[in-house]
Amino acid sequence: MKHFALTSHRLFSIPLALALICGASHAGAQTTQPDSASQDNAELRGEVDQLKAKVDQLESNPQATAPSPATPVSMPNINQEAFPYFRFTSGYDPAVGFVLRSADGQFSLHPGFVVDVRNMTSYREELIPNSGSEVNKPGYSTENGFDISRLRLTFDGRVTENGSYFIQLQDDQGTTFGLLDAYFAYHLWNTPFAVKVGQFKDPVWHERNLSEADLLAVDRSLVEDLLGGGQTGRVQGIALMYDEDRVRGQLVFHDGFNSINTKFFDGGGIGAGVGGGAGISPTDFGTSLRGEYMLIGNRTAQFNPYTEYDKQFTALGDKQDILVAGGGMDFSQAGNNDVIFHTADIQYDTTCGFSAYAAYLGSYRDLHTNQGVKRGFYYDPGFLVQVAYLLTPKFEPFARYDYTYLPLGSTTSLITGQVQEITLGANYYLYHQNLKITLDGSWLPNGSPGDVDALGILKDSGHNEAILRLQFQLAI
């Protein structure tokens with residue numbers, strides 16, 4: 001019975017028109033009225049004719065004035081931003097994905113997943129016998145193949161107006177299915193503070209804090225793996241977060257760096273591995289701190305520029321120019337051995353398509369006990385710079401350079417301490433970050449001190465290595 005479905009506007013307009021018609025007819029019957037009354041009647045009839053035309057238009061399109069549904073509010077990456085309260089609508093929001101919520105709006109669930117399919121080629125020169133690489137072929141070596149580099153399942157949403165949660169499971173290349181993140185955050189009413197508890201990323205590193213689905217290149221930088229979040233990984237603990245105007249910060253107390261999926265009496269650390277955390281295991285405890293300041297960008301009630309900063313390195317879809325400076329540190333103790341990871345970084349994005357990022361990373365180790373690395377003091381510095389530009393709304397070339405220095409003797413089987421990575425590539429966005437193709441190539445003049453499978457890098461310390469990566473990504 002579609003032709004009987006009347007909107008409130010239509011129901012109101014019809015009786016009004018009828019009343020005016022009746023009034024006009026009554027006025028027309030009073031032939032003894034003066035000329036001014038006749039003029040008023042003529043104007044009134046004109047208004048009636050206009051109302052009748054509107055009624056006819058409403059009858060031909062009964063949904064024309066139906067109230068439009070409320071526009072869903074995009075929820076920022078809950079892994080980084082746990083403060084605002086957003087009312088979800090059930091259904092699909094292109095900015096968020098599929099969302100379910102309770103009738104009272106107090107509970108919401110947003111499921112998601114990320115699939116990265118890659119073809120990677122690694123070419124290495126002058127491999128020495130028994131180099132310790134997973135692919136141990138002396139001489140010259142070329143390896144090529146496909147893999148599912150990432151398969152991530154996520155669940156996030158809200159519990160009451162102040163509470164939010166995030167869960168992430170993974171079945172990445174070469175790993176068994178397991179838990180990455182599981183935490184709950186609660187915003188303290190009428191304050192800029194929130195509390196987060198559970199297992200989550202060590203917040204020190206901005207490059208690690210970005211979702212894997214929102215990276216610029218196929219994967220994170222090699223310096224980030226050797227000195228940054230690739231060393232610290234996830235931690236188990238509790239965090240106090242602050243977020244107001246231009247300033248944000250986190251203070252975390254945890255079980256020590258890289259304490260992912262450990263029991264309460266277990267420690268983290270990486271033992272005699274390769275990188276700025278080598279020789280620090282098992283950890284007793286740790287504490288992390290990160291702060292950020294927005295130099296350019298204006299927060300309003302409708303828009304928070306930090307959502308762009310948290311979301312991506314590219315300027316794709318940015319609504320404001322932003323410039324954010326950040327820094328942080330992680331202190332972890334393992335018996336008589338200590339490590340202090342630290343960083344300072346800056347990110348600049350523009351609405352014209354240009355984006356840039358730079359970071360300094362460092363690790364200071366004080367080793368009094370031999371835990372796979374001989375005793376001593378070690379300082380491991382590194383940095384990276386990257387730039388990108390959207391030539392079109394879909395095509396974006398980029399370039400990245402990163403450098404790491406690992407002192408000889410500070411880690412296992414290290415031939416040269418200088419590690420350089422030069423990367424050139426481009427993104428083609430089929431549909432935002434949700435559906436994209438990335439092609440990049442990296443050159444390591446001094447090779448790599450260890451295998452980093454996820455990056456397509458195999459160990460060849462001291463010699464040339466070239467990597468070519470092509471990735472198709474689907475993220476919902």
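Q250 is found in strand β9, where helices (H or I, at least four residues) and strands (E, at least two) are DSSP runs numbered from the N terminus. The model is predicted, and local features need pLDDT of at least 70, side-chain atom pairs count only at pLDDT 80 or more, and totals for chains, interfaces and linings use all residues. Residues are numbered from 1 along each chain as its sequence is written, and side-chain values use heavy atoms, with hydrogens and water left out. The protein chain has six helices and 18 strands.

**Q250 and the chain as a whole**

- Q250 counts as buried because its relative accessibility is 16%; buried means under 20% relative accessible area, exposed over 50%, and partly exposed in between (1.4 Å probe, protein chains only).
- From C-alpha to C-alpha, Q250 and R290 are 5.3 Å apart in space, while 40 residues separate them in sequence.
- Leaving aside neighbours within four places in sequence, Q250 is in contact with K196, P203, A239, L240, M241, S288, L289 and R290; contact means heavy atoms within 4.5 Å.
- Of the contacts in the protein chain between residues at least 6 apart in sequence, 60% join residues at least 24 apart.
- The protein chain has 476 residues, and buried residues make up 48% of them.

- A334 has its place in strand β11, residues 322–334.
- A334 counts as buried because its relative accessibility is 1%.
- Setting aside neighbours within four places in sequence, A334 is in contact with I280, S281, P282, T283, D284 and Q371.
- The C-alpha atoms of A334 and G286 are separated by 9.1 Å, and the two residues are 48 residues apart along the chain.
- P282, one of the contacts of A334, is found in the loop between β9 (247–254) and β10 (285–296).
- The peptide bond from S281 to P282 is cis, with omega near -10°.

**Positive phi angles**

- Most residues other than glycine have a negative phi, and most peptide bonds are trans.
- E126 is not a glycine, yet has a positive phi of about 50°.
- E126 is in strand β3 (residues 108–127), and E126 counts as partly exposed because its relative accessibility is 40%.
- N190 is not a glycine either, and has a positive phi of about 60°.
- N190 lies in the loop between β6 (178–187) and β7 (193–201), and N190 is exposed, with a relative accessible area of 76%.

**Nonpolar cores**

- The largest nonpolar core has 33 residues, and those with the most contacts inside it are L222, L227, I280, L361 and I457; a nonpolar core is a set of buried Ala, Val, Leu, Ile, Met, Phe, Trp, Tyr and Cys residues joined through side-chain atoms within 4.5 Å.
- Two or more residues of this core come from each of α4 (222–227), β12, β13 and β14 (376–389).
- Another core, of six residues, lies apart from it, and F200, V235, A239 and V252 are among its members.

**H342 in strand β12**

- H342 is in strand β12, which spans residues 337–349.
- A polar atom of the H342 side chain lies 3.2 Å from the backbone oxygen of I340.
- Apart from neighbours within four places in sequence, the contacts of H342 include W205, L361 and Y379.

**Cavities and a pocket**

- The whole structure holds four cavities of 30 Å³ or more; on a 1 Å grid over the protein atoms alone, a cavity is a set of points where a 1.4 Å probe fits but cannot get out, a pocket is an open set with protein on both sides within 12 Å along at least five of seven lines, and lining residues have an atom within 4 Å of a point.
- The second largest cavity has about 50 Å³ of space; grid points are joined across faces, edges and corners, and a volume is the space filled by probe spheres set on the points.
- The lining of the second largest cavity includes W205, T343 and L361, and β13 gives the largest share of that lining, three residues.
- The second largest pocket has about 870 Å³ of space.
- This pocket is lined by 31 residues, of which D172, R208, D225, G230 and A454 lie nearest its centre.

Terms used: A polar contact is a pair of N or O atoms within 3.5 Å; within protein, one must be able to donate a hydrogen and the other to accept it, and residues adjacent in sequence count only if both atoms are side-chain atoms.
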